[in-house]
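Subject: Structure for you to look at

Hi,

Here's the structure I said I'd pass on. Have a look at it first, then read my notes below.

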Amino acid sequence: MPPRPCSRTGIAAMADTSTASARDPLQEPAWVRWTLIGLATAIMLLIVVMPLLMLLSAAFGSGLKVWFAAVTEPHTIDALKLTLLTAAIVVPVNAICGVFTAWAVTRFEFRGKRTLMALIDLPFAVSPVVAGLCLVLLFSPTHGYFADLLNHYDIKILFATPGIVLATMFVTFPFVVRELIPLMEQQGSDEELAARSLGANAWTMFFRVTLPNIKWGLLYGVLLCSARAMGEFGAVTVVSGNVMGQTNTLSLHVEVLYKQMGGEAAAAFAVASLLAGLALVTLVVKIWLEARHGDALARSHRRH
């Protein structure tokens, strides 16, 4: 028996079925999408945007002259210098250590690899205050593990800049390495093996192949590390001693000003706005990079 010709109705039904099967199974109805988008926007406005606007309102509520006087006060300048100095030391060290740690984890198989991965995540799991107390147990000049050595060579770690740097370094270490590990695992080592087979040594391979491939992930990690380093409070407050003009970072200085004036100090909000401004600078740089180099960023995460 010859095949029966398909009717137009049948062809249309088959087309509708094909279109439906090709439709994204995760595509939700419009009302669900807009409800979730609205809920997410409302939450962000409530817990992020509104507090920031209230901070800026309190900082500039007494006038620009009061704000300028607060942020140019000598103790504030000292706190700003210490904050930037700490970030200037911590970020490059964590960037270098993060690159080589990520390289070791993604390129080599060795005993204890899972333990190393767990240690990388330890600063995320441990309270910064606990991290500060651990440094006290190590470097206290009276009862620390290295007390005799420190006293013998007259080295001061706690209640000085080295202690603040170590505490900040501990807290911010995972940001760079955790940004690089998934990226380097996804990219694989084919290009590096090709470079070595063509005669490149390890350093040439790293600077000509590895570093260009991970530069955007590295930059993201550096930005996150910078913002966290400048805003760190918990670990720093344990090891700093809160000495005005000497061991106070901006975050500690805000607390001191707030407590001194019973929570009503315009100076505290002014300095807090300065600290928030530093964080916003890193955010603006991140947005600019995404707008300027968005295609390169996307390619770096799609490559295999």
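A nonpolar core is a set of buried Ala, Val, Leu, Ile, Met, Phe, Trp, Tyr and Cys residues joined through side-chain atoms within 4.5 Å. Keep in mind that this is a predicted model.

With that in hand, the largest nonpolar core here has 23 residues, and Leu180 and Ile181 make the most contacts inside it. Helices H4 (74-107), H5 (113-125), H9 (174-187) and H11 (202-231) each give two or more residues to this core. H9 supplies the largest share, seven residues. If you click on Ile181 and skip its neighbours within four places in sequence, you'll find it in contact with Ala102, Val105, Thr106, Met117 and Ile120. Another core, of 16 residues, lies apart from that one, and includes Ala79, Met230, Leu250 and Leu257.

Now for the charged side chains.

- Glu192 pairs with Arg107, with the closest N and O atoms 2.7 Å apart. This pair links distant parts of the chain, since Glu192 is in helix H10 (residues 190-197) and Arg107 is in helix H4, 85 residues apart. Both Glu192 and Arg107 are buried.
- Arg228 pairs with Glu232, at 2.4 Å between the closest N and O atoms. Arg228 counts as partly exposed because its relative accessibility is 28%, while Glu232 is buried at 2%.
- Glu255 and Lys259 meet at 3.0 Å, N to O. Both lie in helix H13 (residues 250-260), four residues apart, or about one turn of the helix. Lys259 is exposed, with a relative accessible area of 60%.

Cheers

Conventions: Residues are numbered from 1 along each chain as its sequence is written. This is a predicted model: local features need pLDDT of at least 70, side-chain atom pairs count only at pLDDT 80 or more; totals for chains, interfaces and linings use all residues. Side-chain values use heavy atoms; hydrogens and water are left out. Buried means under 20% relative accessible area, exposed over 50%, partly exposed in between (1.4 Å probe, protein chains only). Contact means heavy atoms within 4.5 Å. A salt bridge is a side-chain nitrogen of Lys or Arg within 4 Å of a carboxyl oxygen of Asp or Glu.
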